[in-house]
Amino acid sequence: MTGKTEKRKKLFAGGLQVLLLAGLLAAASGCGKSAGPSGDSDRKDSTEGFMNGEAEESRGENPADAQGDSRNHGGEEQSDAEWIAANQEETAAAVTDFGLRLLQQCIADGEAAIPESGQETAAGQQGTGNLVVSPLSVLSALNMTANGAGGETLKQMEETFGISVPELSAYLSAWREASGDEKCRLDMANSIWFTEDDSFTVEQDFLDNCADSFGAEARRVPFDDSALREINDWVNENTRGMIPEIVDKIPEDAVMYLVNALAFEGEWEEIYREDQVREGEFTQADGTVRNVEMMYSQEEQYLEDEHASGFLKYYAGRKYAYAALLPEEGTDAAEYLLSLDGEKLRRILTGPVPAHVMAGIPRYESRYGAELGGMLQEMGMEDAFDSSRADFSGIGHSLKGNLCISRVLHKSFIAVDEKGTRAGAATAVEMEAGGALSADEVRFVYLDRPFVYMIIDCETKVPVFMGIQTQADREGYGN
């Protein structure tokens with residue numbers, strides 16, 4: 001436990017600016033009968049149906065059914081909703097903590113950034129860029145993968161998550177089912193793509209469990225350019241065009257992709273009027289000043305700790321809210337973010353104070369891509385990437401060698417304007433053989449310098465998206 005604590009402390013050593021989309025979706029363990037090119041003809045027919053866009057029937061035991069006492073109370077099995085109610089705070093704290101640790105590691109390992117077309121700034125540019133990642137999407141794809149992990153590999157993955165796979169699976173399964181309404185909704189989708197090469201055999205129970213737990217479609221395809229197009233088209237569709245592609249190439253040794261796509265669209269509870277959007281200035285992290293479009297409003301929930309002040313701004317229906325934290329003058333936004341941990345952030349988000357807050361938010365848009373493999377190994381997931389030690393026997397087996405994770409590809413996008421917020425993310429895990437104030441006191445929180453922000457679930461106070469904005473981007477701020 002001491003080693004784990006020390007590892008987490010190291011993650012807060014470096015840092016610059018980041019925009020973090022936070023969240024989750026999960027899985028559980030399972031293995032059993034095999035399905036592959038040498039398997040039965042019924043399985044082949046089912047897979048061919050998928051290639052024509054048909055949904056595969058979920059069969060076999062749900063991994064939740066094999067979770068033992070963790071989902072039983074007094075001899076009676078709990079539903080996902082009952083389990084969440086009983087374990088909400090512990091799970092919310094773990095999820096929040098994972099998001100912050102991932103953010104820290106992305107800052108420290110900025111050189112892993114994938115350049116985005118039309119994006120001038122990227123990680124590793126001496127802190128001048130805005131980074132965007134989504135722990136929600138990363139955890140979704142990784143937990144599907146963990147569904148087929150065992151031994152030390154599974155143990156390390158759960159320690160990195162900060163919560164067991166069955167617990168996280170139950171929590172996120174219920175969250176996925178309650179996505180929102182037309183004016184504000186969060187949608188998640190999962191899919192599994194595996195090669196039709198005769199050397200690879202997939203475990204049928206693994207596919208069934210992923211279908212039952214994550215609604216994951218399974219498709220067996222030739223790993224060529226056509227598969228690349230299909231995977232990217234699926235991601236583009238399920239992120240509503242916000243992430244046009246996720247996989248850049250299919251390496252020769254690749255045998256499977258476990259893919260998550262996420263899309264959030266939220267309209268403000270009160271859309272800004274034309275007279276509330278005015279030209280302003282934003283002082284970037286390097287001290288330079290840029291013209292921006294600032295959106296002004298009065299809010300009713302005030303956030304603060306000893307080094308920052310902020311507010312909540314609700315989306316339609318009040319299921320989600322935008323939470324902003326502006327570090328005190330003279331405090332670097334990245335350093336402030338590095339000082340937070342899951343417990344501190346939970347205290348801030350669960351303790352808003354009624355107040356009159358004169359708020360200002362700049363319009364902004366950010367896009368980012370990264371290969372997260374090295375970061376996740378630094379966070380503790382070492383065996384999963386080592387072909388000599390990885391245990392993914394629950395997924396399947398290959399005549400070419402042991403299965404392991406080769407890459408974790410991630411891309412994210414967010415845009416905030418006077419109507420609301422749009423955010424999307426996609427993650428692909430590539431497997432080969434061989435992520436107290438007076439109510440009448442007026443507070444002024446104008447986000448005209450680097451700030452930390454989140455989109456939170458109002459019931460659980462769990463960040464669905466979170467990040468730090470340190471510079472004016474070209475599209476959102478103007479010249």
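Predicted model: local features only at pLDDT ≥ 70, side-chain atom pairs only at ≥ 80, totals over all residues.
# Reading salt bridges, strands and charge

Trainee: Where do arginine 101 and aspartate 97 lie?

Mentor: Helices (H or I, at least four residues) and strands (E, at least two) are DSSP runs, numbered from the N terminus. Both residues are in helix 3 (residues 80-108), four residues apart, which is about one turn of the helix.

Trainee: Is arginine 101 buried or exposed?

Mentor: Buried means under 20% relative accessible area, exposed means over 50%, and partly exposed is in between (1.4 Å probe, protein chains only). Arginine 101 counts as buried because its relative accessibility is 1%. Aspartate 97 has 14%, so it counts as buried too.

Trainee: What does arginine 422 form a salt bridge with?

Mentor: Its partner is glutamate 265, with the closest N and O atoms 3.1 Å apart. This pair links distant parts of the chain: arginine 422 is in strand 18 (residues 420-433) and glutamate 265 is in strand 9, 157 residues apart. Arginine 422 is partly exposed at 33%, and glutamate 265 is partly exposed at 28%.

Trainee: Which residues are linked with them in a network of salt bridges?

Mentor: The network is made up of Arg185, Asp187, Arg240, Glu265 and Arg422. Across the whole structure, a search finds 21 salt bridges.

Trainee: How do I read strand pairing, and which strand does strand 6 pair with in the antiparallel sense?

Mentor: Two strands pair if DSSP finds at least two bridges between them. Strand 6 pairs with strand 9 (residues 254-267) over eleven bridges in that antiparallel sense. As an example, aspartate 187 has alanine 263 of strand 9 as its bridge partner. Strand 6 also runs parallel to strand 8 (residues 217-221), joined by five bridges, and threonine 195 stands opposite valine 221 in strand 8.

Trainee: Why is strand 6 called largely enclosed by the rest of the structure?

Mentor: Ten of the twelve residues of strand 6 (residues 184-195) are buried, so the rest of the structure largely encloses it.

Trainee: And on the surface, which residues gather in a patch of negative charge?

Mentor: Patches are made of residues with over 30% relative accessible area and no salt bridge; like charges are joined within 9 Å, and nonpolar side chains (Val, Leu, Ile, Met, Phe, Trp, Tyr) within 5 Å. Here Glu196, Asp197, Asp198, Asp224 and Asp225 form the negative patch. Aspartate 225 belongs to helix 8 (residues 225-238), and aspartate 225 is exposed, with a relative accessible area of 56%.

Trainee: How many helices and strands are there in the chain?

Mentor: The chain has twelve helices and 21 strands. Of its 479 residues, 57% are buried.

Note on methods:
Residues numbered from 1 in each chain as written. Heavy atoms only, no water. Areas by Shrake-Rupley, 256 points an atom, 1.4 Å probe, with all protein chains shown as cover. Salt bridge = Lys/Arg side-chain N within 4 Å of Asp/Glu carboxyl O. Lys, Arg positive; Asp, Glu negative; His and termini not counted. Charge placed at Lys NZ, Arg CZ, Asp CG, Glu CD.
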